[in-house]
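Thanks for asking me to look this one over. Here are my notes, in the order I would go through them with the structure open.

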Amino acid sequence: PAVSRTDLALISATNPSANVARTVGDVDSGDRVRMEGSTSTRTYQVGGACVFRKLGQACFEELWDLSPPTPGVLSPNLSAALFTPPRDGDSGSWLLRDGDVWTGMVVGADALAGYALSSDLILDEARAAFGLDLELA
């Protein structure tokens, strides 16, 4: 069984960064999303869904993978070789589609891909765990 469905905590920040997300949206396999993490800023392509995945000491359900974007002029093999998945410190980074649509959050990575939870799942879990109906502000 999964140890955790979400890597989620509610915090109170005295100097929060500006929220650029305006809506919550879905993603489909093949969509491009942008991550602005604490250690890197990258564009990824949403790959397939993972039913169950162990990352570090926790097991997650309902993840989707973050792969290198489909290359333009580069061969797929070269694109995969140059791919940099999210790094330590990027966990918790929001993923945006079309600049202001919040689609999910990075929860971890391995050498081949990054992994994320959908924004809908995060909001549903926060609602269940904390009794809050969270919205973007």
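1. **Ground rules.** This is a predicted model, in which local features need pLDDT of at least 70 and side-chain atom pairs count only at pLDDT 80 or more, while totals for chains, interfaces and linings use all residues. Residues are numbered from 1 along each chain as its sequence is written, and side-chain values use heavy atoms, with hydrogens and water left out.

2. **The largest nonpolar core.** A nonpolar core here is a set of buried Ala, Val, Leu, Ile, Met, Phe, Trp, Tyr and Cys residues joined through side-chain atoms within 4.5 Å. Buried means under 20% relative accessible area, exposed means over 50%, and partly exposed is in between (1.4 Å probe, protein chains only). The largest core has 14 residues, and those touching the most other members are Leu63, Trp102, Val107, Tyr115, Leu117 and Ile122. At least two residues of this core come from each of β4 (58–67), β6 (101–109), β7 (114–118) and α2 (119–130). Helices (H or I, at least four residues) and strands (E, at least two) are DSSP runs, numbered from the N terminus.

3. As background, nonpolar side chains tend to be buried together in soluble globular proteins.

4. Val73, Leu74, Leu78 and Leu82 make a nonpolar surface patch of about 420 Å². Patch members have over 30% relative accessible area and no salt bridge; like charges are joined within 9 Å and nonpolar side chains (Val, Leu, Ile, Met, Phe, Trp, Tyr) within 5 Å. The areas come from the Shrake-Rupley method with a 1.4 Å probe, and for residues only the protein chains shown count as cover. Leu74 sits in the loop between β4 and α1 and counts as partly exposed, at 39% relative accessibility.

5. **Salt bridges.** How many salt bridges does the structure hold? There are 3, where a salt bridge is a side-chain nitrogen of Lys or Arg within 4 Å of a carboxyl oxygen of Asp or Glu. Arg34 pairs with Glu36 at 3.8 Å, N to O; Arg34 is partly exposed at 39%, whereas Glu36 is exposed at 55%. Asp124 and Arg127 have their closest N and O atoms 2.9 Å apart, and both lie in helix α2, 3 residues apart, about one turn of the helix. Asp124 is partly exposed at 42%, as is Arg127 at 36%.

6. **Asp98, worth a look.** Asp98 lies in the loop between β5 and β6 and forms a salt bridge with Arg97 (2.9 Å, N to O). Asp98 is exposed, at 62% relative accessible area, but Arg97 is buried, at 17%. Asp98 also has a positive phi of about 60° although it is not a glycine. For context, most residues other than glycine have a negative phi.

7. **Ser93.** Is Ser93 buried or exposed? Ser93 is buried, with a relative accessible area of 8%, in the loop between α1 (76–82) and β5 (94–97). Its side chain reaches the backbone oxygen of Asp90 at 2.7 Å. Not counting residues up to four places away in sequence, Ser93 touches Met35, Glu36, Gly37, Ser38, Gly104, Met105 and Val106, with contact meaning heavy atoms within 4.5 Å.

Terms used:
A polar contact is a pair of N or O atoms within 3.5 Å; within protein, one must be able to donate a hydrogen and the other to accept it, and residues adjacent in sequence count only if both atoms are side-chain atoms.
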